[in-house]
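Colleague: I would like to learn how to read a few features of a model. Please take them one at a time, with the general idea before the case.

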Amino acid sequence: MMTLQTEDYSSLKRKLILRDTLTFLSLLLVTIVLFLLTFFLFRSFTTHREELAQRWSARGQTAINAGHPDQAIVALRTALSYAPGQRSCELLLAQALGDAGHTEESFNYFLGLWETQPGDGFINLSLARLAAKKNEVQPAINYYRASVYGTWEGDGVVRRREVRLELSRYLIAHQDFSSARTELLITGGNAPDDVPLAITLAQLLEQAKAPHDALTYYRKVLAQEPENQIALQSAARLEYDSGHFDEAHRLMEQAMHQQENSPSTHEATTLADKQMLEDSKRILELAPLKKLPDNERVTRILKARALAKKRFDACSTQLSAASGLSTRLQDLTTKWASKDATSSRSALLNDPTQQDATLQLIFDTETQTSKICSAPTGDDALLLQLAQFPKAMEP
């Protein structure tokens, strides 16, 4: 009897263990199924949110490219609601805000991004442009320079050069020519020998009131492309303004010759260029250059003295009829009574020092009369230009 009860108890115990095991396994299986289902749903939801974020972000980018920043703002804010903190999307939103005219909001948005990445080149450039819109000159310059030395994705060398050029234009616009010149020279020093870039640098250096540096870059262009019309004409103008009339004439003549032979050239010759060519030619005919034979030089001095005397007489008559002679014209009257105004041809030929003294009288006359009488014209105007560049007389 006891043996039977023991067997029944053992059988019941095995059944309970089996039932508990099955129950545990069933619960474990259900748990696994629920976990997998939850995991799948979560992944699906997350993937869907990422897809929506990408879709709205793409719409925002498209709207920016199409010039519809207001639409881009809505799309990008929607994208960020699906993917908060996505940096690429935040950058696009900050850009769209600026493009839409929300300057202050865009600036603050970029500033928040800058706090986490103060060395980012693009963020600093964006802040520079926004500060410029806000007329905050020094902060704009500081951000431009931070952008130049910041980090860039892709070709950082080219991007930094573009930022320096943009900074230079900004400095020129604010009359800071010295700083602009420095930035442009640094750009040129770090750049390869590239003709379009050299032309850009030369033109900006002209705007920065650095004609000699500009001329250096135009000469670099002509060394590589001797028939470059922009460089020929621009260099000719700068040479003329520097008193290098012979070189100005040569370059402008070459430019016009090139223009005649290549009518399709985009850089057309202006009326001012044609006048400059004529004036430089006439100046070279009038100028008593020291390299000329004495006979020819004295002939030119005598001709110039006759022109200056006629100019002096006309100015004296004009002032006498008005209010009497000024002090400066009285000084000239005294000089015109000296031997510098009366030296004969033979005296000048035998005395180079007297040649220079007579030439100085001519230049003083043209300079003073231009200040107190009507503006000179014709050969008098050309003699005045020679007076402004006495070194043009040198060999």
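Colleague: Is Ile 32 buried, exposed or partly exposed, and why?

Modeller: This is a predicted model. The class follows from relative accessible area: under 20% is buried, over 50% is exposed, and partly exposed lies in between. Ile 32 has 41% relative accessibility, so it counts as partly exposed. Its place is in helix 1, which covers residues 2–65.

Colleague: Which residues form a nonpolar patch on the surface with Ile 32?

Modeller: The patch consists of Leu 18, Leu 22, Phe 24, Leu 25, Leu 28 and Ile 32. Together they have about 570 Å² of accessible area.

Colleague: Now Ala 72. Is it buried or exposed, and why?

Modeller: The same cut-off of under 20% applies for buried. Ala 72 is at 0% relative accessibility and therefore counts as buried. It is located in helix 2, residues 69–82.

Colleague: What does Ala 72 touch, leaving out residues up to four places away in sequence?

Modeller: Gly 60, Ala 63, Ile 64 and Ala 96. As for Leu 97, it is 25 residues from Ala 72 along the chain, and the two C-alpha atoms are separated by 8.7 Å.

Colleague: How should I read the nonpolar cores, and which residues have the most contacts inside the largest one?

Modeller: A core is a set of buried nonpolar residues joined through side-chain atoms within 4.5 Å. The largest has 86 residues, and Phe 110, Tyr 218, Ile 362, Leu 386 and Met 393 have the most contacts inside it. Helix 9 (residues 195–207) supplies the largest share of this core, with eight residues. There is also a second, separate core of 12 residues, including Ala 63, Ala 72, Ile 73 and Leu 97.

Colleague: What is Ile 362 in contact with, leaving aside neighbours within four places in sequence?

Modeller: Ile 301, Ala 304, Arg 305, Ala 308 and Leu 383 are in contact with Ile 362.

Colleague: Last, disulfides. How many does a search of the whole structure find?

Modeller: A disulfide is a covalent bond joining the sulfur atoms of two cysteines. The search of the whole structure finds one. Cys 315 and Cys 373 form it, with their sulfur atoms 1.7 Å apart. The link is right-handed, with 75° about the S-S bond.

How values were computed:
Residues numbered from 1 in each chain as written. Predicted model: local features only at pLDDT ≥ 70, side-chain atom pairs only at ≥ 80, totals over all residues. Heavy atoms only, no water. Patch = residues over 30% accessible without salt bridge, like charges linked within 9 Å, V, L, I, M, F, W, Y side chains within 5 Å. Areas by Shrake-Rupley, 256 points an atom, 1.4 Å probe, with all protein chains shown as cover. Salt bridge = Lys/Arg side-chain N within 4 Å of Asp/Glu carboxyl O. Helix = DSSP H or I, 4+ residues; strand = E, 2+ residues; numbered from the N terminus. Buried < 20%, exposed > 50% of the residue type's maximum accessible area, 1.4 Å probe, protein only. Contact = heavy atoms within 4.5 Å. Disulfide = S-S within 2.5 Å.
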